[in-house]
Amino acid sequence: MTVHNLYIFDRNGACLHYSEWNRKKQAGISKQEEFKLMYGMLFSIRSFVSKMSPLDMREGFQCFQTSRYKLHFYETPTGLKFIMNTDLSVPNARETLHQIYSTLYVDYIVKNPLCSLGDPLQSDLFSARLDTFIKNLPYFNPRAA
Amino acid sequence: MAIFSVYLVNKAGGLIYQYDNYVPRAEAEKTFSYPLDLVLKIHDEKVIVSFGQRDGIRVGHAVLSINGVDVMGKNTADGKDVIEYLKDSSNYPVSIRFGRARLSSNEKLMLASMFHSLFAIGSQLSPEVGSSGIEMLETDVFKLHCFQTLTGIKFIVLADPRQSGIDALLRKIYEIYSDFALKNPFYSLEMPIRCELFDQNLKIALEVAEKAGSFGPGS
């Protein structure tokens, strides 16, 4: 069980925050390009899912998994997107992503007048709290590599 | 429990087979007086609701018929523009039927090739080495399961999130494909599948899989 990395995007597709813990493979492109590719993929998945769906959806896209990892997606009504990659044994991390939004993002970014919204997050306090929060998750236990 | 649709995508991202296994959901018909209390807009040659949800009419639903006559895209049956028609107060009261727009064959082709590239990006952005593409994609109303064969054909099944036994079904469809499409002398590789036996056997496999039922969340 492990958490690989976490992305936070704003509603315009700018990557506000990225951090990684146990990432074994890099995408082979620059980080900026990777953020664009990731956002583009999520944007397409959202449109794909809304068209494919046989019924009306409430929450829409939640997660996908491949043979090696699982991507969890949470979007707030204001368009902030939280994406966390974990291994396959994590059943549902949406609650966790919601907590990152409601306790960490709102408390340390929105309530901080020095952080301008829409720019990459600069707050060291936020990064530190996020790191502690992720490391305390029950499923954050890097396998002995 | 239900299995909604089956898609077969060839290794170039082309849709070679598609089957819908559900009847469209109940649609909402309502009589409106002037002015309309919904905001409509044109999207992809359809008139859809962009704001205002009431009585089973949801944002994203398309106008299907006006006064009982089916509309043709963004025009009424006699060729008038739907939006213009609904702006004219002399046409009221008017009865409009709304529902989720059905996918056209072109849209299905587009969605299939879209999934083809999403599948590839999913594998490229992997934080782990040696990852496949998207095998399962979950939303609150359906789960998409994808099985890619060694030869690159993708079998995609859309099912209820609680439906179990999809992995077995995907392999069964592969078997049906090998038996009834590939062994058909009139079938050319990578081209759309039009084989009666394939259709029949696929339908039987779907019925069997649906009867397998559900065993709680996940499958």
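By class, 13 charged, 12 nonpolar and nine polar residues make up the lining of the largest pocket. This is a predicted model, so please hear every value as computed from it.

Let me stay with that pocket. Its space comes to about 1100 Å³. The lining has 34 residues, and those nearest the pocket centre are Ser50(A), Lys51(A), Met57(A), Val59(B) and Gly60(B). Which element gives the largest share? That is H1(A), with six residues.

Next, the aromatic rings. Over all chains there are 24 aromatic pairs. Take Tyr74(A) and Tyr101(A): the ring centres are 6.5 Å apart and the planes meet at 50°, so this pair counts as tilted. Tyr74(A) sits in strand E4 (residues 70-75) of chain A and Tyr101(A) in helix H2 (residues 94-110) of that chain, so the pair ties together parts 27 residues apart in sequence. Are these two residues buried or exposed? Both Tyr74(A) and Tyr101(A) are buried.

Also in chain A, one aromatic cluster is formed by Tyr7(A), Phe9(A), Tyr18(A), Phe35(A), Tyr39(A) and Phe43(A).

On to chain B. Lys30(B) lies over the face of Phe32(B), 5.7 Å from the ring centre. Lys154(B) lies over the face of Phe119(B), at 4.5 Å from the ring centre.

Last, the domains. The assignment for chain B gives domain 1 (3-23 + 104-212) and domain 2 (27-99). Taken over C-alpha atoms, the centres of these two domains of chain B are 34 Å apart.

Note on methods. Residues are numbered from 1 along each chain as its sequence is written. Chains are lettered from A and ligands numbered from 1 in the order in which they are written. This is a predicted model: local features need pLDDT of at least 70, side-chain atom pairs count only at pLDDT 80 or more; totals for chains, interfaces and linings use all residues. Side-chain values use heavy atoms; hydrogens and water are left out. Domain bounds come from an automatic or database domain assignment. Rings of Phe, Tyr and Trp (its six-membered ring) pair if their centres lie within 6.5 Å; planes under 30 degrees apart count as stacked, over 60 as edge-to-face and the rest as tilted. Helices (H or I, at least four residues) and strands (E, at least two) are DSSP runs, numbered from the N terminus. Buried means under 20% relative accessible area, exposed over 50%, partly exposed in between (1.4 Å probe, protein chains only). A charge sits over a ring if NZ of Lys or CZ of Arg is within 6 Å of the ring centre and within 35 degrees of the ring normal. On a 1 Å grid over the protein atoms alone, a cavity is a set of points where a 1.4 Å probe fits but cannot get out, and a pocket is an open set with protein on both sides within 12 Å along at least five of seven lines; lining residues have an atom within 4 Å of a point. Grid points are joined across faces, edges and corners, and a volume is the space filled by probe spheres set on the points. Ala, Val, Leu, Ile, Met, Phe, Trp, Tyr, Cys and Pro count as nonpolar, Asp, Glu, Lys and Arg as charged, and the others, Gly among them, as polar.
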